[in-house]
Amino acid sequence: MSDQEQTYTFDDLGGGYTEQRDPDTGVFGDVQLAGARVNGENSIIVAPNSTAKFTYTLKLTGIKQNQLVEGYVHFAGDNGQADLSVPYLGYYGDMTNEHVFDKNANEDDTDILGNRLTNEDNYPRGIADEYSLKELVKQKKKDQKEYKWQQVAKLYESGEVAFSPNVTALGSLNVNNAFTIEGSKKDDAGSAYSLSLGSNSIVNTGNLTLANVTINGSILGNGQVNIAGNVTSNVDAVNAKTLTNDQLTQQIGNIWRGADTRNWKAANIQAAKLNVAQGASLTINHSITGDGITQPNYGSINVGINGKLNINLKDGQTANRANEQNISLDNANAGVRILDNGTFTTDDSAAVNINAGHGRAIVIDEPFGGRVPVQDTILAEWENGRTGDRSAQAARHRNTMTLGNSTQMKLTGRGGILLGYTATLTTGDHSIIHIDNQGNGEGLLLDANSKVEVSPHSQLLMTSNGKDKTGSYDGGNYIGMGQDGQFRVEHDATFRYKLINAGNGMDRSWADNFNIISQNVGAHPEVYVGNDAVFDGQSDYSQFNGEIFSFSLDNGSPKNEDFFTIDGAKYVNWQRNAVVPPVPGPVGGTSPQGNLYYSMARSIIGASGKKYYIFKWNNANLNGSNYTFTDTSSDAIKQSIDNFKNSSYEWWSGIDHLATSYSRKGNAAEAPGHDVSASDITGVDTTGEKHGIPVNKFSSTPSDDTGFDPKNSQRLVLVATIIPTQVDDTQQTEDPYQVQVKYVDNLAPGQAELHQKGINGLVRTTKTTYYNVDPATGEKTIDTSKGIDGHSVTTTVLNKKRDERSSISVSKAPRLIITIKAGMQITMPSRFE
């Protein structure tokens, strides 16, 4: 405002302008539009300390539909005050009817023949159609520059291809540097745009990014592949890529020779590195024989925060034991295959779903196996093997699967996760991993010097249906680990495996359900079940020598010891569910025992850290009820204990120390491996509640009249006498980044510089309430020893917020834009802030 009267003189600066394209250069520029003038008062007066409105009219003649008009109106101050200049922009028509991009080159009424994005030097960033490519090569020939067809994809260290809606490739695309293929997110029908390769392929030795696109066909080469947005990859009989022998070796290793690989087709994606970006989704569909993703030695896969990886292989939804073929190349299919020294990781709240059909979900550093039977006792040529001292082999390999917190993983197929030598599997806090297997395969296999960590509060759940032809003391087991294997169920975690239709042992006699084979000198393999954790093993395999858990082989060294450590666990269950009466076996004749546990070396089963109930079932009274422990509510906990008390042959309470010893092989006084040699068990009540049997009573001969005796029990259960539970409320909160813009005068007109790209912050907050439940009564009380009076709040920063910062030339600073149509009047204030 001014305390003096202000006078301004109006000038329309020659009238309006419109855009015109130079037909020779293709460059757009402004030209004056004939007859476009702004009319109104030539002089205006604004009283002191006031505002005023004046009306001006833009008059147009000869304007065409969908034509732009722009210009300035200028008000010169007559009393030395600042001049006022107001831009206006008009559009004659409906802006919403215009295409942001030109139509496809093969459609009628395109504005520009051909579709290509160019950089500031008019070089194409991507070619979308044949016409554009021809014109590009033709123009370069005119300029007498060396520019050949095959050079199009090689010219740029960074590039993009944008296409709409669907493109069919007439040849293979070679990617040697950074390159992006991006489609529109969805077309009008709601489908992602697609690139169909036919029998061609993308050969990527560079850094390829796929964004919001469907690729029909294979990506070969050992470059890096990045996934942004929603990406789908389809390989079927129409677009299958047949591999040369060298390409086969690159994808599946060099042990395929001898197998009939004529029907084996290229994987959807072959890459040294595969990254699924935060919030992105990759879906792979492979409906014929072959893998989903293959990687070379030292390959790596990462699924980012909230990212998704979905893989569907041939027969992924229909495979089962009934339609399993003993010899079939389909048995070798893998959702993910990394030849050796592989790394598979996920970040927070990622999701991985693999339906592997008759194949295996994830295979790292394990043989191809496609030329041999799968109904083979030790799955020869499907596994590296775990017998003998494997120290030398283990030293040459290192394989890792590390899942981020709150990961959700569901794997189905004949086989589950196979990780090779010196492997580490970490499930991630609060994650849920479900491995569901059909037929004769391994659910979880890690070779020598490996470790499994079922992380705090996570769940590793495994189910098998129809593993009736494979498994022995020396390989082919449903769960198997090699020398010095360490299997840890950390605090508050759950590990559960259950085998059904596992057979009666007539085809194989020692089908351990879960074993660790450790024959190196000084071996100390261990299973550890931590505070408030669950270990639950169940199988209906009925032959005597197929234990629920076994340290099956040893080299006889007095230095070797095996440990099964229960350190304050919530629930431990060993359950055979064998057929009654038991089937005659090749060793020992008819055996009435369950034989739950075996150790060839000296071994200790130890339980401490809590007071426990112990429940025992014998063959005669298992009675098919199969009650399990459920802690979903305090009532469910009480009901579980009542069921155990009613159905068990004997039970004990208040047991606070258990140390059951097994002898070492070679002690002539005892049967090697199966029999308890000492039992030190103490507690409040060590005499059974039903039959008065001492809890530490054991027998080397068949007997129902024993206590905690894994050989002479069909089922043994330990349950803590106080059950801790907790309720978690977890949420993710996004903190949007701010945009900071600085207007500078040292940039060319229209130029902008991005100094720092913005990243939204992402925080996970978990509110927890802790409780204790008395299983005998079902009484539930807040556990004030945890958190603050039984409550806690945990905040984890998943993404740290980073504001976006950029500079823009002064000429690009915000300005008032007025949209005008013919005959429209413009009303402007006397002062513009």
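This is a predicted model: local features need pLDDT of at least 70, side-chain atom pairs count only at pLDDT 80 or more; totals for chains, interfaces and linings use all residues.
Let me begin with N268, which sits in the loop between helix 2 (245-252) and strand 18 (269-270), where helices (H or I, at least four residues) and strands (E, at least two) are DSSP runs numbered from the N terminus. Residues are numbered from 1 along each chain as its sequence is written, and side-chain values use heavy atoms, with hydrogens and water left out.

Back to N268: its relative accessibility is 0%, so it counts as buried, a term that stands for under 20% relative accessible area, with exposed meaning over 50% and partly exposed in between (1.4 Å probe, protein chains only). The side chain of N268 reaches the backbone oxygen of N285 at 3.2 Å. Leaving aside residues up to four places away in sequence, N268 touches several others, among them G217, S233, N285, H286 and D291, where touching means heavy atoms within 4.5 Å.

Now to the aromatic residues. The structure holds 31 aromatic pairs, and the rings in question are those of Phe, Tyr and Trp (its six-membered ring), paired if their centres lie within 6.5 Å, with planes under 30 degrees apart counted as stacked, over 60 as edge-to-face and the rest as tilted. For F10 and F75, the ring centres are 5.6 Å apart and the planes stand at 45 degrees, so this pair is tilted. Because F10 belongs to strand 1 (residues 6-11) and F75 to strand 7 (residues 67-77), the pair ties together parts that are 65 residues apart in sequence. Both F10 and F75 are buried.

A further tilted pair is formed by F495 and Y497, at 5.3 Å centre to centre and with 35 degrees between the planes, and these two residues are buried as well. F495 and Y497 also belong to one aromatic cluster, whose members include F487, F514, W574, Y662 and F708.

Finally, the backbone: which residues have a positive phi of about 60 degrees although they are not glycines? D365 is one of them, and D484 is another. D365 is found in the loop between strand 27 (360-364) and helix 3 (391-394), and is buried, with a relative accessible area of 8%. D484, by contrast, is partly exposed at 22%, and its place is in the loop between strand 36 (479-481) and strand 37 (486-489).

Terms used. A polar contact is a pair of N or O atoms within 3.5 Å; within protein, one must be able to donate a hydrogen and the other to accept it, and residues adjacent in sequence count only if both atoms are side-chain atoms.
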